[in-house]
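Trainee: I have the sequence and the structure open. Could we go through some of the packing together?
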Amino acid sequence: MDTFFGQLCQQLINGISLGSIYALIALGYTMIYGIIKLINFAHGDIYMLGAYLGFFATTALGLSFFPAIIFAMVGAALAGIIIERVAYRPMRNAPRIAILITAIGVSFFLEYTMILFVSPQPRTFPSIFAATVYNMGPLVMNSQQLVILISAIILMTVLTYIVNKTKAGKAMRAVSFDADAARLMGIDIDRVISTTFALGSALAAAGGVLVGVYYNSIDPLMGMMPGLKAFVAAVLGGIGIIPGAMIGGIILGVVEALVSGFISSTFRDAAAFAILILILLYKPTGLLGKNVREKV
Amino acid sequence: MLQVKDINVYYGAIHAIKGISLEVSDGEIVALIGSNGAGKSTTLRTISGLMKPKSGSIIYDDKDITGKPAHKIVSMGLCQVPEGRRVFANMTVLENLEMGAYTRKDKDGIARDMKKVFESFPRLLERKEQLAGTLSGGEQQMLAMGRALMSKPKLLLMDEPSMGLAPLLVKEIFNIIKEINASGTTILLVEQNANMALSIADKAYVLETGRITLSGTAKELASSEAVRKAYLGG
Ligand SMILES: Nc1ncnc2c1ncn2[C@@H]1O[C@H](COP(=O)(O)OP(=O)(O)O)[C@@H](O)[C@H]1O
Ligand SMILES: [Mg+2]
């Protein structure tokens, strides 16, 4: 019983660390969906781009963790703004399916451009932190997990503040609720959409750097699986709902950790998609989703 | 203050506005009346810059604003209270009012106007931390009006403010419209409730299937045989 409980707590720690990375990526999905109703399939690749920017910052530029993660976030924010401007904005009034296909195209473009420039070989992410292991009774938490948790908490707190308290954040909520009404209030929705892409991309990049720190290995296709899983996390919490993405990410990470700890790590990925199927069957609006409000 | 000159507006292949011209002078209340589907909302949406006319021009404050993006028009002092209120239901009353002041930077002025809005609509003050979606229809109309006033408009477009409200509330809303006008804001008022609209307007236009069929002072139209038959119930 004692070992079972210890194992459970251990998997919770692992799950919450992993889950907070899913949450960071899921936030971008949900914010972008909230504002232009687009499932941005290229979002996982922004996360990959962030990991490479972090890699470049720590190796070539010799930066330490904090400036490196900021560097990656700023770089990815710019990439997000450019992608929206070049690929999605011209499609704003096109049918939903056309812009979805565009997003898939952008995803391939980012993956294969990266392969062209950095080769498909995985890179070893430098270990920025001394791998200290903290023992708390039977539980083990390493310094990377601690960094991930603290970073994720800070980023989510800042995001929540921006969205709820700042003028830009309020404008984001207004545009996502009713774009035309927002325009009638003098809100430049193009600018708000750019801001949303910048914020979402920066968070994904932070996730990418943190994963680099955690697993020590990055490659140009690393965004595919976490991208899909973060999408599941966003749907689980209720797509378009910001706290939903946070909760969905954490739950997904914990479920995965429990499945690999108590059943088998082979089923880890299957767990995410089982969750997707269940949520689509029983509560398609997600855990925090209200009944669908159709605009008239 | 506002001149709309021979505009044509389309929804895809649908020719919704067929050469409308109208004029609103400083300080007036001008009513635009007509039945459902006549093109009243489309006219306002075009003036506000949500839609582009295929031809014709819109002059506001002696400047050509045809095809200008909506957010720039608002910062010129032309604001709209849209049909169906369109408050941000996911935000509090206070946040809705803040969004109304989005284009402004004068903090003191914003605070002053916020106080004025709460004086005109005390019910909003009681509910300022409440989500707008939880307000009643009448309160939402007040919020939509207050929100527009927060932009400090010189010209206010209002699209069917009486829609779906009980007669007593309609009276209250129209009294407030008169007050807004008396304090110096010019108003272009769209209504299906022609009786009420003509009772407070200086001038009016009648719109039928995308064309202006009648215009004149509100008094003239209220006593016109055609208008009485079609819009005033005999
Ligand atoms: N989004 C739209 N798409 C296509 N046609 C529209 C749309 N909105 C309005 N229309 C058409 O344009 C005409 C004018 O509509 P509208 O301006 O809403 O009229 P009103 O406000 O006078 O009721 C109507 O025939 C209506 O069917
Ligand atoms: Mg209408």
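Predicted model: local features only at pLDDT ≥ 70, side-chain atom pairs only at ≥ 80, totals over all residues.

Trainee: Where is B:Lys40 placed?
Mentor: B:Lys40 is part of helix α1 of chain B.

Trainee: And what does B:Lys40 touch, not counting residues up to four places away in sequence?
Mentor: Its contacts of that kind are B:Leu32, B:Ile33, B:Gly34, B:Ser35, B:Glu160, B:Val190, B:Glu191, B:Gln192 and B:Leu207.

Trainee: What about B:Thr43, is that buried or exposed?
Mentor: B:Thr43 counts as buried, because its relative accessibility is 0%. B:Thr43 is found in helix α1 of chain B, which covers residues 40-47. Setting aside residues up to four places away in sequence, B:Thr43 touches B:Ile17, B:Ile20, B:Leu32 and B:Leu207.

Trainee: Changing topic: how many residues are in the largest nonpolar core?
Mentor: The largest nonpolar core has 142 residues. Those with the most contacts inside it are A:Tyr88, A:Ile187, B:Phe88, B:Leu124, B:Met145, B:Leu156 and B:Ile177.

Trainee: Which helix gives the largest share of this core?
Mentor: That is helix α8 of chain A, residues 189-215, which contributes 15 residues. There is also a second, separate core of 28 residues, and B:Ile17, B:Ile58, B:Tyr60 and B:Ile65 are included in it.

Trainee: What is B:Ile177 in contact with, beyond its neighbours within four places in sequence?
Mentor: The partners are B:Met145, B:Met158, B:Pro161, B:Ile187, B:Leu189 and B:Ile200. B:Met158 is 19 residues from B:Ile177 in sequence, and their C-alpha atoms are 9.4 Å apart.

Trainee: And B:Leu156, what is that in contact with?
Mentor: Leaving aside neighbours within four places in sequence, B:Leu156 is in contact with several residues, including B:Cys79, B:Val81, B:Ala148, B:Leu149 and B:Ile187.

Trainee: Back to chain A. At what angle do α2(A) and α8(A) pack?
Mentor: Helix α2 of chain A, residues 43-59, and α8(A) pack at an angle of about 55°, and their axes are 7 Å apart. They are therefore oblique to each other. The crossing is right-handed.

Trainee: Which residues make the contact?
Mentor: From α2(A) they are A:His43, A:Ile46, A:Tyr47, A:Gly50, A:Ala51 and A:Gly54. The α8(A) side includes A:Gly200, A:Ser201, A:Ala204 and A:Ala205. By class, this contact of α2(A) with α8(A) has seven nonpolar, seven polar and no charged residues.

Trainee: One last pair: at what angle do α3(B) and α6(B) cross?
Mentor: The axes of α3(B), residues 93-100, and α6(B), residues 137-149, cross at roughly 35° and come within 7 Å. This crossing is right-handed. B:Val93, B:Asn96, B:Leu97 and B:Gly100 of α3(B) meet B:Leu143, B:Gly146 and B:Arg147 of α6(B). The classes there are three nonpolar, three polar and one charged.

Methods: Residues numbered from 1 in each chain as written. Chains lettered and ligands numbered in written order. Heavy atoms only, no water. Core = buried A, V, L, I, M, F, W, Y, C linked by side-chain atoms within 4.5 Å. Buried < 20%, exposed > 50% of the residue type's maximum accessible area, 1.4 Å probe, protein only. Helix = DSSP H or I, 4+ residues; strand = E, 2+ residues; numbered from the N terminus. Contact = heavy atoms within 4.5 Å. Axes fitted to C-alpha atoms, helices over the stretch in contact; angles between N-to-C directions. Parallel < 35°, antiparallel > 145°, perpendicular 65-115°, else oblique. Left-handed = near helix turned anticlockwise from the far one by under 90°. Nonpolar A, V, L, I, M, F, W, Y, C, P; charged D, E, K, R; others polar.
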